[in-house]
Amino acid sequence: MTTPGMRNNFLPPGLVSNLQDVLKKKANTAPVQHDDDNKSNNKKEEEEESAVQSSSSSSASTDDYDPSKPVIFVTNSEGIDSPGLTSLVEALVREGLYNVSVCVPQLDKSFSGHSFTHQESISVSTAEIKGATAYEVSGTPVDCVSLALSGALFAWSKPLMVIVGVNKGPSCGHDMFLSSAVAGARQALISGVPSLSISLNWKKGESQEGHFKDAVSVCLPVIEAAIRDVEKGVFLKSSSLHITVPTSPTENKGFKLTKQSLRRSKPIWQAIPANRNPSAARFMTNQPGMGLQLAQLGRDASAAGAARRLNSQKKSLEIVESVGVSGKVDLIRTVKYFSLEFQESNQEETDENLDFRALENGFVSVTPISVSQLIEPDIEKAASEWISDAI
């Protein structure tokens, strides 16, 4: 027999009944609030919310911001704990010449390309980096740059320069289209702010964390020169510079202006086994809110423990309910899981002025990145001829 209000499921009836008893007892023992208590609590909540909003809106003005110093905004693709970011920020702060502001993704977003978080809210939380004002964002590097330049987050309205890095791994050739580090610098350029992106040609088994600090030391003269030229108004207007430091930074042969190659990484998709029981997954999908309750009961193996957690994790319960597929039972659909890795492919290009060739030869590669989509004459001619023949 099916209990009223419950859909058919594939779990033992005793377990479901146990969970229902827990919820029923919790409902019966919930304290009753009087109207006066409710009014008092509502007023307190309004005051707390107002205080949070006030604190949030004034957070930028209370930062250690010196209006006499230019602002350097720093982001990366790997998050706040990246040694490349830490080394770069420490070097800029040590100069004592700039307001250093940082906003980075909470998770590694190295291959998110030029992507925004659209039609979703993102969270912003404060972070600790000595000498800098820092935030973490539940979004992409492009989100970080866009949010920072919007004027909604920091005390300043526009930085002198945006620097992205130091990022782990090269972004040469076609990989620049996948690189969220390059995308962050590109977004700054689109917004009218000069930018640099810096990467270290990290090699597993060969590179060490100390190489990030060495990479910053190598790039610091270029960074300082770029900042000086921006202040003079003579820095590049239509392009950003992507700097890639060779695997052994201190042994580099100097800087070399390079061209973007056709090098690309090969995407490798690997099937991985599912870790969840399909029957349990269908049950949680078709019983909105019950999935989290069941997981809580299983972890504690006691009805009392489950009831306590249900009370303390109301917010999580509401999130689970919001993703349930109400009223739909799909007994046929299967779910598969895949993971993506990128594998370097051999390149036959021999031009010594290409980005990856310069790295292989021990040079620091400096590649201009433009937002212009100007088509080369030979491509334009070929396209024109094709269209004429096709139409």
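Here are a few notes on this predicted model, for someone meeting the structure here.

1. Start with the overall make-up. The protein is built from 13 helices and eleven strands. Of its 391 residues, 38% are buried. Looking at contacts between residues at least 6 apart in sequence, 81% join residues at least 24 apart.

2. Next, the main core. The largest nonpolar core holds 39 residues, and I72, V74, L92, V102, M161 and I223 have the most contacts inside it. Helix α7, which runs over residues 210–232, gives the most to this core, with ten residues.

3. Leaving aside residues up to four places away in sequence, M161 touches V71, I72, F73, V193, P194, S195, L196, A226, I227, V230 and F235.

4. There is also a second, separate core, made of 18 residues. Among them are F73, V145, L153 and A181. F73 is also one of the residues that M161 touches.

5. Now for a helix pair. Helix α4 (residues 141–149) packs against helix α6 (residues 180–190) at an angle of about 25 degrees, and their axes are 8 Å apart. Angles under 35 degrees count as roughly parallel, so α4 and α6 are roughly parallel to each other. Their crossing is right-handed.

6. Which residues make the contact? From α4 come P141, V142, V145 and L149, while α6 brings S180, A183, G184, Q187 and A188. The residues of this contact divide into six nonpolar, three polar and no charged.

Definitions and conventions. Residues are numbered from 1 along each chain as its sequence is written. This is a predicted model: local features need pLDDT of at least 70, side-chain atom pairs count only at pLDDT 80 or more; totals for chains, interfaces and linings use all residues. Side-chain values use heavy atoms; hydrogens and water are left out. Axes are lines fitted to C-alpha atoms, for helices over the stretch in contact, and angles run from 0 to 180 degrees between N-to-C directions. Helices (H or I, at least four residues) and strands (E, at least two) are DSSP runs, numbered from the N terminus. Angles under 35 degrees count as roughly parallel, over 145 as roughly antiparallel, 65 to 115 as roughly perpendicular and the rest as oblique. A crossing is left-handed if the near helix is turned anticlockwise from the far one by less than a right angle, and right-handed if clockwise. Contact means heavy atoms within 4.5 Å. Ala, Val, Leu, Ile, Met, Phe, Trp, Tyr, Cys and Pro count as nonpolar, Asp, Glu, Lys and Arg as charged, and the others, Gly among them, as polar. A nonpolar core is a set of buried Ala, Val, Leu, Ile, Met, Phe, Trp, Tyr and Cys residues joined through side-chain atoms within 4.5 Å. Buried means under 20% relative accessible area, exposed over 50%, partly exposed in between (1.4 Å probe, protein chains only).
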